[in-house]
Amino acid sequence: GGVVVLGGRISAKKLHLREITAMIRQRRARWAQLGLVLALLVLAALFTLESDDCYFFYWKFDSLKDFLLTRPDTQSAKIVGVPQNGRYLGNLLGVILAKCYESPLFPLRIVYFAGGFFLLAWAGSRVLSPKDRRREGMWFLLALLVLAPRVLWQEVYSWGAAYVNYVTPVVLLLLLLLQVRRAVEEPKVLRLAGIALTALAACLFMETNTLFLCMTSTLVLGWQLFKTRKITPACAVLWLFSLAGTAVMFLAPGYHTVGEDGLREFGFSMLGVNLAKILVGTLVRPTVAALMITGLLLWYLRQQGGKAWLGCMIPAIPIHLFCLWDGFMDLFDPGNTVVLEAPTVPQTIAAAALALLWLVMLCLWRGGRTKGRVVLLAAALVLVSGPLLVISLNGNRNFFSGYAVLTLVALVLYQRARQLGLGEFAWLR
């Protein structure tokens, strides 16, 4: 009997020690999360309050007409972009935030820029994470957003006008997906109205995101009609207002001068160079996210058994070593930070090799529903990057939407791996 009691005491002590260890880890995780939040706010203040907002420098605010961006002031500086584009909401928010620059309302800029990160991470986690892992998923996405490549920090995070037009529509698209999901389950009038307004708003920021929403809503509607022979109210409203928003954007007079104003070009002659730029900007530059995706796919293949994972790991090592080296060199010698130059041959080869490696690993992986999600996200990456093939690319900021999709792929892979026994990242608790 004494032995039993002694054994019980030892087990109780072990259990108590585990509880204490878990509490300590949880407290450390909370401090790490708090530190991440504070660092994000500090970065938002340091970067965005000193950013080069073209709306602040190039536009007059003498009247309501000027406030709505119908007439640029080019006496002291040259406009870089299409003056009369269809980014109506992006332009309006850009002006409002620029006007806050030298006013007591300047903290609103910090709230907007830092809040955009949190809202994007929250919405992405709500869309793709299981209910019991949404908090972990949000911190995971937030970490990857902060660990974005230097080029995105320079051209998106630190430039107020670019942040509004590139980050905001991605957030709206994720929120729109949440709205559609709820409305499909229970089509209430207010939910359908919310879908209409969000879809219309999402179309008035960035052209590539507008085209992406128009194409995906059309594909979803067609698939639903083919599969079930009927259309749900949510998908119908999404499609109608996506088309309406696309029409509102591209009826703007500025697009009629594309290819003639010397600022933007359009044509199939740029396919080859732009494809290389897209591959490098989407796959090579995001070193952390790309490495995480490769590592998780290798983990899945190893869990399946066999030697396939080893055959994929051998080429993955030099590819990612090159990507890490390229990212390291970019920090110290970014080159021309204004013009997006054509990538080098080694960069193009590394990007193509990484894309091929992911395709092979995806075909070898028996991932079931999770694999289906990854394939859909890969299709989304192709759709959102497709329009960039035929227009002049004037910066790495064009690849932010692709990077956002890449972080969502990493999240899906990580969450499923956690369910299958992968150890938790303690700081994500």
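**Figure 1. Q415 and its contacts.** Leaving aside its neighbours within four places in sequence, Q415 touches S129, P130, R133, E136 and G137. Contact here means heavy atoms within 4.5 Å. This is a predicted model, where local features need pLDDT of at least 70, side-chain atom pairs count only at pLDDT 80 or more, and totals for chains, interfaces and linings use all residues. Residues are numbered from 1 along each chain as its sequence is written, and side-chain values use heavy atoms, with hydrogens and water left out. Q415 sits in helix α17 (residues 400-419). Helices (H or I, at least four residues) and strands (E, at least two) are DSSP runs, numbered from the N terminus. Is Q415 buried or exposed? Q415 is buried, because its relative accessible area is 3%. The cut-offs are under 20% relative accessible area for buried, over 50% for exposed and in between for partly exposed (1.4 Å probe, protein chains only). T370 lies 45 residues from Q415 along the chain, and their C-alpha atoms are separated by 9.6 Å.

**Figure 2. Helices α5 and α8.** Two packed helices are described by the angle between their axes and the distance between the axes. Helix α5 (residues 107-128) and helix α8 (residues 160-185) have axes that come within 9 Å and cross at roughly 30 degrees. Axes are lines fitted to C-alpha atoms, for helices over the stretch in contact, and angles run from 0 to 180 degrees between N-to-C directions. α5 and α8 are therefore roughly parallel to each other. Angles under 35 degrees count as roughly parallel, over 145 as roughly antiparallel, 65 to 115 as roughly perpendicular and the rest as oblique. The crossing of α5 and α8 is left-handed. In a left-handed crossing the near helix is turned anticlockwise from the far one by less than a right angle; clockwise makes it right-handed. The contact of α5 with α8 has 17 nonpolar, four polar and three charged residues. Ala, Val, Leu, Ile, Met, Phe, Trp, Tyr, Cys and Pro count as nonpolar, Asp, Glu, Lys and Arg as charged, and the others, Gly among them, as polar.

**Figure 3. Helices α8 and α10.** α8 packs with helix α10 (residues 207-228) at about 20 degrees, and their axes are 9 Å apart. This pair, α8 and α10, is therefore roughly parallel. α8 and α10 make a right-handed crossing. Y166, P169, V170, L173 and L176 of α8 meet N209, F212 and L213 of α10. Seven residues of this contact are nonpolar, one is polar and none is charged.
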